[in-house]
Amino acid sequence: MVTTRLHFADDARRRIVRGATQVARLVELTLGPAARTVLIERAPAGPLVGSSGYDVALHVELVCPVEQIGAQAMRNVAWEVSDRWGDGTATVVCLAAALLQSLDRAETRGCERRALAEALDAEIDEVVAALTRSATPVMEDDDLRRVIETAAGGPDLSPLLFEAALRAGPQGYVDVVPAAESDALEVVQGLAFDGGWLSPSFAASGADRIVLENTYVVAFDGAVQSIDEIGPMLDVFVRMDQPLLFVATSFSEDAKERLGSLVRRTGAKIAAMRAPGEGDWRRFHLGDIAAATGATLFGDEGGYSLRTVRPELIGRAKKVELTAKESRFYGGAGGLPELDFRKAQIRGDIARSRYLSLDRERHEKRLALFFSGIVTLSLGGRTEPERALRIGSAQRAVQAIRAARQSGSIAGGGLALRDAGRALGNGSITGRAFEAPFRALSVNGATDATVSPRDPCNLVIDVVRRAAATAASLVSTNVAITHPRRLAN
């Protein structure tokens, strides 16, 4: 049986504010280049070195269940920002707690709740407008360097991240992964996928890769059950002695064996591969290959049968390289209208996955392949915790780079928020709350006048709106329900 305890009005609100404030004080330690870390017990595992607001907020469990409601709200808003941007989690917790305190003081002074909500909405709109006006495009290398150094928390990783950002370009993708040894940077050229040849029997004896020059590409959205389905088409390419790559969703064992036997018997320049990925991702990647090479997608949905293959429906690529685990396409013959249409489709996939961070990242990688490609940044460390810290800092910086390129940058270090809050005037309810991130950074020792930090504008605006929504929902509390203990039936 679960016991229920009710906490009413001012008592509930005060405890919630106290819980949110306790989390904010911890999280503020992780703000800025001079930030501290928080050592978090994880028995029976080893301790976690918390370096981001979400890491810290996630592990806070307070004794008072009502205070825990406030702590949980800070954890939730930190997760939302982390999932959307990968950065800004400490700032959103710090700002949400400060706004909550300001609203609580206003309500304690007797401000009517509806008027308070209207005033908050108006002031947030003014702050957002001020931030938008102060944004400048990230055009110069120095602008990009400042964004990177601000997000990465210092100069340690900045040179590598700056080089990675330049190589990837505005539409490229930087993938941060653990390094086996030292730091390294690798640029993936061409349309690259995880997933290689269907069978090693397509490669020459002892060869570790298949290279098809000026090859034709056939893409089939379906399962090949028998080689008889594609026999007439294969015969044409065998007689012409022209290279062909056949890509399908799947192949039966019989089809795979007979295809390999055909290549060995005739010496034909034919290779086959399964569409990369699993489940729905195979269809996504198959469509990307078709668009990049100018191939028509055969199959039931497209309405084209493999028995009616015509030259104009077949794609081309200057070169395709296949290994056991990877495939790369270079110089695809896809036309500009078809490529633009495919990019628009992928952008739609990204928008639909805005609440699914892993899916969104995979779609962003797909889009990057149609532009500059993917740059892989491998980072090491003297110890496992150090490597994890460096990877986390780099991932936050990569997200900041993308956001700043989209919306421009504003003064970092809490300066833009502080100035926007001061512009509200002395009579505002929330003006001083917007100084909280700047004050926390000052306490941490990050007020060097020679440094000009920059933050992505759209990230900071999203932080402001989410922090305000969280504070508004908490200050409106009239009753809190907790379940402090369980009783046996």
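Helices and strands are here DSSP runs, helices of at least four residues and strands of at least two, numbered from the N terminus. By that count the chain has 16 helices and 16 strands. The model is predicted.

## The chain as a whole

The C-alpha trace of the chain spans about 90 × 65 × 45 Å along its principal axes. The chain has 489 residues, and 50% of them are buried. Of the contacts between residues at least 6 apart in sequence, 77% join residues that are at least 24 apart.

Strands of a sheet pair through backbone hydrogen bonds, and the pairing may be parallel or antiparallel.

Strand 5 pairs with strand 13 (residues 374-379) in the antiparallel sense, over 5 bridges. In this pairing, L185 has L377 of strand 13 as its bridge partner.

## Two pairs of packed helices

Two packed helices are described by the angle between their axes and the distance between the axes. The table gives these values for two pairs.

| Helix pair | Angle | Axis distance |
|---|---|---|
| Helix 10 (residues 280-293) and helix 12 (residues 357-369) | about 15° | 11 Å |
| Helix 5 (residues 113-134) and helix 14 (residues 415-422) | roughly 130° | within 9 Å |

Angles under 35 degrees count as roughly parallel. Helix 10 and helix 12 pack at about 15°, and they are therefore roughly parallel to each other. The crossing of helix 10 and helix 12 is right-handed. On the side of helix 10, the contact is made by W281, F284, H285 and D288, and on the side of helix 12 by D359, R362, H363 and R366. By class, the residues in the contact of helix 10 with helix 12 are 2 nonpolar, 2 polar and 4 charged.

The axes of helix 5 and helix 14 cross at roughly 130°, and these helices are therefore oblique to each other. The crossing of helix 5 and helix 14 is right-handed. V127, A130 and L131 of helix 5 meet A416, L417 and A420 of helix 14. The contact of helix 5 with helix 14 has 6 nonpolar residues, with no polar and no charged ones.

## A parallel pair of strands

Strand 8 (residues 244-251) and strand 9 run parallel and are joined by 5 bridges. Within this pair, L245 stands opposite A271 of strand 9. Strand 9 (residues 270-274) is mostly covered, with 4 of its 5 residues buried.

Most residues other than glycine have a negative phi. Which values of phi are found at N214 and D241? N214 is not a glycine, yet its phi is positive, at about 45°. N214 lies in strand 7 (residues 210-224). The relative accessibility of N214 is 45%, so N214 counts as partly exposed.

D241 is likewise a residue other than glycine with a positive phi, here near 55°. D241 is placed in the loop between helix 8 (231-240) and strand 8. With 44% relative accessibility, D241 counts as partly exposed.

## A threonine in a loop

T323 is in the loop between strand 11 (315-322) and strand 12 (326-332). Is T323 buried or exposed? Buried means under 20% relative accessible area. T323 has a relative accessible area of 14% and is therefore buried.

Apart from neighbours within four places in sequence, T323 is in contact with G196, W197, D208 and R209. T323 and A203 are 120 residues apart in sequence, while their C-alpha atoms are 9.0 Å apart in space.

Conventions:
Residues are numbered from 1 along each chain as its sequence is written. This is a predicted model: local features need pLDDT of at least 70, side-chain atom pairs count only at pLDDT 80 or more; totals for chains, interfaces and linings use all residues. Side-chain values use heavy atoms; hydrogens and water are left out. Axes are lines fitted to C-alpha atoms, for helices over the stretch in contact, and angles run from 0 to 180 degrees between N-to-C directions. Angles under 35 degrees count as roughly parallel, over 145 as roughly antiparallel, 65 to 115 as roughly perpendicular and the rest as oblique. A crossing is left-handed if the near helix is turned anticlockwise from the far one by less than a right angle, and right-handed if clockwise. Contact means heavy atoms within 4.5 Å. Ala, Val, Leu, Ile, Met, Phe, Trp, Tyr, Cys and Pro count as nonpolar, Asp, Glu, Lys and Arg as charged, and the others, Gly among them, as polar. Two strands pair if DSSP finds at least two bridges between them. Buried means under 20% relative accessible area, exposed over 50%, partly exposed in between (1.4 Å probe, protein chains only).
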